[in-house]
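Thanks for coming. I will take one model today and go through a few of its local features. Please have the structure open while I talk.

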Amino acid sequence: MSRAAALPATPWRLRVREHPYLVSLVLLAVAVLLNYLLQDNLFQLRVVNGNLRVMLPLMVLAAGQALVIVGGGIDLSVGATVSLVNVILVTLVTPESSWDGVLLGALAGLAAGALAGAVNGFCVAYLRLQPIVTTYATSFLYFGLALAILPRPGGALPRALTSFYRSAPLGLPATAYGVALLLLVWLLLRRTRFVQHLYAVGGREASARSSGVAVTRVRFLSYVLMGVFAAFAAMALTLSTGSGNARLGDAMTLSSIVAVVLGGTRLSGGQGGVTGAVVGVALLTVIRNLITFANVPTWYQTLVDALVILLALAGPGLVRLVRRGA
C-alpha cells in the first residue's frame with residue numbers, strides 16, 4: 001500500500017468526496033474576485049442580470065447532461081436538440097400569438113425535446129449502441145430537421161415574454177428565480193428512487209442489475225429527461241435571443257460537458273449531480289469573462305474547454321501515477 005493511500009481521510013477530504021463541487025466553488029470565488037478587479041461594475045443589477053441571462057440556458061442543459069453522465073452515458077446531440085426546439089418555438093409562436101398559442105408552442109417544444117431524448121435512449125439502452133457514436137449521429141438528424149423547419153435565421157416572440165425574461169421582479173433578475181427553481185427540482189429529484197437507481201447504474205452496472213434495478217429502463221428515462229431539460233434550455237435561450245436559428249445550440253454541447261466536469265461530476269458515472277453542473281456553468285462563464293476582459297483571443301475559450309475535458313479524462317490516471325511514485 002502506498003503512503004498516500006494509507007493516509008486517513010480528513011474531514012475536508014470526506015466533505016469533498018460527498019460534495020465534489022466544493023472545489024469548484026472555491027475556484028469560482030477566486031475567479032469572481034479576479035473578474036471584479038477587471039470589471040468594477042460586476043455586481044450591479046444590470047450586469048448580474050445580463051450574466052444570468054447567458055448562464056441560465058446552459059445551466060438547464062448542463063443539469064440534464066449531468067443526469068445522463070451520472071448514469072454512465074453522455075449526450076452529444078443536446079446542442080442540436082436545443083436548435084430544433086428553438087426553431088419549432090419561433091415557427092409556432094409569433095409576436096401576435098395569444099397565450100394559448102404560446103402554450104401550444106411550448107408543449108410542442110417539450111414534446112420534440114422528449115422525443116429526441118427518447119430516440120437517443122432507445123438506441124443506447126435497448127439497442128445497446130455506444131452513447132458517443134449514437135448521439136453524435138442523431139445530432140446531425142436533429143440539426144437537419146431544424147434546418148428544414150427554419151432554413152434561415154428569423155422569427156420573433158411576443159415582446160411581453162422577452163421583456164419578462166430581462167426584467168427584475170422584486171429586485172432580483174427573473175433568471176435568478178429560474179436558477180432557484182432548477183436547484184429545487186434537483187432537490188426533489190435527488191430524493192426519488194429513479195435518481196438513486198441512476199447513481200447505482202452509473203457506479204456499478206453489474207451490481208445494480210443483480211440488485212434488481214431495471215438498468216435498461218433507468219438509462220432510457222435518463223435520456224428522455226435529458227431531452228426535456230434540453231427543451232427548457234431552448235425556451236430560455238429563445239427568450240434571451242428573441243429569435244430562431246438552426247445553429248443556435250451548436251456551441252452548447254461541448255460547454256455543457258465542460259460545465260458538468262468542472263462541477264465535479266465523474267465522466268465514468270456514479271458521482272456528481274446538478275448542483276455541481278450549475279456551479280460549473282458559473283465558473284465557466286466567469287473564466288470566459290476573464291478571457292474577454294484580458295483581451296485574450298476568443299479561440300482560447302475553446303482551448304480552455306478542451307483542456308478541461310482532457311484533464312478530466314486523464315486525471316484518474318495521473319493520480320494513480322503520482323501514488324505509485326509516492
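At what angle do helix H13 and helix H14 pack, and how far apart are their axes? Before I answer, some ground rules. This is a predicted model, so to speak of local features I need pLDDT of at least 70, side-chain atom pairs count only at pLDDT 80 or more, and totals for chains, interfaces and linings use all residues. Residues are numbered from 1 along each chain as its sequence is written, and side-chain values use heavy atoms, with hydrogens and water left out.

Now the helix pair. Two packed helices are described by the angle between their axes and the distance between the axes. H13 covers residues 252–262 and H14 covers residues 274–293; the angle is about 110° and the axes are 7 Å apart. That makes H13 roughly perpendicular to H14. Helices here are DSSP runs of H or I with at least four residues, numbered from the N terminus. Axes are lines fitted to C-alpha atoms over the stretch in contact, with angles from 0 to 180 degrees between N-to-C directions. Roughly perpendicular means 65 to 115 degrees. The crossing of H13 past H14 is right-handed, meaning the near helix is turned clockwise from the far one by less than a right angle.

Which residues meet there? From H13 they are Ser255, Val258, Ala259, Val260 and Leu262, and from H14 they are Gly276, Ala277, Gly280, Val281, Leu283, Leu284 and Arg288. Contact means heavy atoms within 4.5 Å. The residues of this contact divide into eight nonpolar, three polar and one charged. In that count, Ala, Val, Leu, Ile, Met, Phe, Trp, Tyr, Cys and Pro are nonpolar, Asp, Glu, Lys and Arg are charged, and the others, Gly among them, are polar.

Next, charges. How many salt bridges does a search of the whole structure find? Three, where a salt bridge is a side-chain nitrogen of Lys or Arg within 4 Å of a carboxyl oxygen of Asp or Glu. Glu205 pairs with Arg209, the closest N and O atoms being 2.7 Å apart. These two are four residues apart in helix H11, residues 205–210, and so are separated by about one helical turn. Glu205 also forms a salt bridge with Arg219, at 3.4 Å from N to O. Because Glu205 lies in H11 and Arg219 in H12, that pair ties together parts that are 14 residues apart in sequence. Arg219 is buried at 16% relative accessibility, whereas Glu205 is partly exposed at 30%. For reference, buried is under 20% relative accessible area, exposed is over 50%, and partly exposed is in between, with a 1.4 Å probe and protein chains only.

Arg247 and Asp250 also meet in a salt bridge, at 2.5 Å from N to O. Arg247 is partly exposed at 47%, and Asp250 is partly exposed at 37%. Shared partners join Glu205, Arg209 and Arg219 into one network.

Ser222 lies in helix H12, residues 215–241, and has 2% relative accessibility. Beyond its neighbours within four places in sequence, Ser222 contacts Val68, Phe194 and Leu198. Val82 is in helix H5, residues 78–92, with a relative accessible area of 0%.

Terms used
Parallel < 35°, antiparallel > 145°, perpendicular 65-115°, else oblique.
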